[in-house]
Amino acid sequence: MQDRFSAWIPLNRSADTDNEYNLKGLRTYSRDLERTAPIATGAIETRTSYVIGEGLKLQSRINSIELGLTAEEASAWQRRTESRFEMWASNALSSVTEEFDFYESQDIAYRGRILSGDSFIVLARRQANNWPFRLAIQLIEADKVCNPDGKPNTETMHDGIEKDASGKPVRAWISSHFPNQAYYGKAPTWQSVDFVSGTGQRNLIHVKRMLRPNQTRGIPELAPIIATIKQLDRFSNAEVDAAVNSAAIAMFTMMDQEAFESLYTSSERDLYVAKANEWDKTLNSGKSVNLLPGESISVPSLGRPNPNYGPFFDAFMNLVGIGLNLPKEVLMKKFDSSYSASRAALMDAWRTFMIERSRWARRVCQVIYEEWLADAVALGIINAPGFFADPFVRYAWSGSNWSGDGPGSLDPLLEARADTERINNGTTTRAKACISFDGSDWEDVHRQLAIEESMREADGLNHHDSPQPQTDNPPTNLNQ
């Protein structure tokens with residue numbers, strides 16, 4: 001047993017020590033693969049589009065019983081708050097740089113967490129002309145949070161995160177420059193930002209996934225499969241190059257040695273040799289290539305396109321999918337199996353996406369919303385009695401759900417009937433069915449349906465019988 005592991009000598013170290021020497025390289029490799037390797041690009045895009053999509057949206061759900069409100073009063077307050085928050089979230093003024101709105105910032109911050117291991121969101125306060133809100137978010141890339149002046153890590157400072165004696169992160173040190181990048185000869189400076197101010201106001205969100213206790217910085221999502229993806233990308237490029245060379249049709253001309261000597265003068269022979277030497281050994285279809293006298297072309301049997309490329313690529317994609325906790329079908333966007341197998345793959349992936357979405361909603365969206373709400377109450381934009389006086393009341397006013405895009409459907413009719421059955425037998429609600437379908441708010445759907453039905457009734461359109469859907473199993477006897 002010992003002989004089998006003689007060349008494998010791992011070290012037993014803390015999470016931060018394990019990451020300290022590898023993290024910068026992992027970030028670089030991960031971001032380079034995302035730019036240059038279609039497999040990595042697709043994996044990042046798939047996870048981001050399913051988890052974040054167009055951006056998670058607020059559904060205010062206050063505790064009306066705790067607040068002593070009627071259902072109608074609670075619904076009215078929720079609609080007003082959602083409207084005000086949407087005004088802020090859909091405007092570029094919700095960001096410090098005014099380059100993206102709140103929904104776009106979710107995509108960028110989540111993508112940064114996947115690629116770099118973590119990302120940071122600064123909750124700034126500022127006043128803009130003709131703009132009622134003060135909260136604005138600023139995204140910080142992982143590399144800019146680092147130790148001032150490149151100082152080594154200590155017990156209370158690790159990779160730009162300062163901790164107190166108990167190990168709790170208290171502030172981050174943000175560099176004005178990206179590492180190894182000069183700004184017109186200016187030396188970098190560092191600014192410290194407290195995660196929470198002395199008054200309890202949240203100033204900074206550290207977006208990461210912790211895999212071990214006391215882990216200060218996050219690890220890129222591609223870390224376990226970086227080498228696998230790079231090898232597979234090289235293999236794919238080599239196969240494409242080989243197939244192109246195999247398909248190229250070129251004509252080679254070669255002159256007999258004696259004829260070459262007798263037909264051309266010395267200067268003409270030199271020109272012929274010079275022209276032959278211009279060939280860079282690249283095969284271009286339809287090109288005529290001069291060979292030197294005595295040279296010949298030996299064309300190997302390339303056997304391209306390689307018939308084994310597909311199965312080999314699929315086998316490797318299984319490894320990539322396992323490393324990302326995603327089924328191969330979802331990763332490759334290729335559902336060519338049976339309906340049951342394809343749906344099982346989509347549902348398995350959706351479980352992973354929902355876990356990620358739930359974490360994102362709790363740790364990012366809800367935190368930002370609570371700070372926005374506190375600021376809106378302080379400015380008089382939202383009326384929430386007792387908000388600052390009682391933490392239980394504040395929690396009751398801050399209740400919310402965060403909905404996003406649905407998983408899609410392989411058989412919309414079959415799945416709609418399943419939702420109907422679950423609603424009829426009381427195992428789910430219309431609200432949950434709307435969320436799982438496309439992330440919509442049931443109250444919005446209900447109000448719109450009521451408006452449409454009233455208009456149809458007023459125009460006399462509801463007196464006609466609706467066409468009945470066809471059954472799945474028509475009678476086999478046509479005379480029935």
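**Exercise 1.** Which residues form one aromatic cluster?

*Solution.* Before we start: this is a predicted model, where local features need pLDDT of at least 70, side-chain atom pairs count only at pLDDT 80 or more, and totals for chains, interfaces and linings use all residues. Residues are numbered from 1 along each chain as its sequence is written, and side-chain values use heavy atoms, leaving out hydrogens and water. Now, the cluster is made of Phe85, Trp88, Phe102, Tyr103, Trp131, Phe133, Tyr369, Trp372 and Trp402.

**Exercise 2.** Work out how the rings of tryptophan 88 and phenylalanine 102 are arranged.

*Solution.* Start with the rule: rings of Phe, Tyr and Trp (its six-membered ring) pair if their centres lie within 6.5 Å; planes under 30 degrees apart count as stacked, over 60 as edge-to-face and the rest as tilted. Here the centres are 5.6 Å apart and the planes sit at 40°, so this pair is tilted. Next, find them on the chain: tryptophan 88 is in helix α5 (residues 71-89) and phenylalanine 102 in helix α6 (residues 102-116). Helices here are DSSP runs of H or I with at least four residues, numbered from the N terminus.

**Exercise 3.** Classify the pair tyrosine 369 and tryptophan 372, then decide: is tryptophan 372 buried or exposed?

*Solution.* The ring centres are 6.1 Å apart with planes at 20°, so tyrosine 369 and tryptophan 372 are stacked. For the second part, buried means under 20% relative accessible area and exposed over 50%, with partly exposed in between (1.4 Å probe, protein chains only). Tryptophan 372 has 1%, so it's buried. Tyrosine 369, at 0%, counts as buried too.

Conventions
Helices (H or I, at least four residues) and strands (E, at least two) are DSSP runs, numbered from the N terminus.
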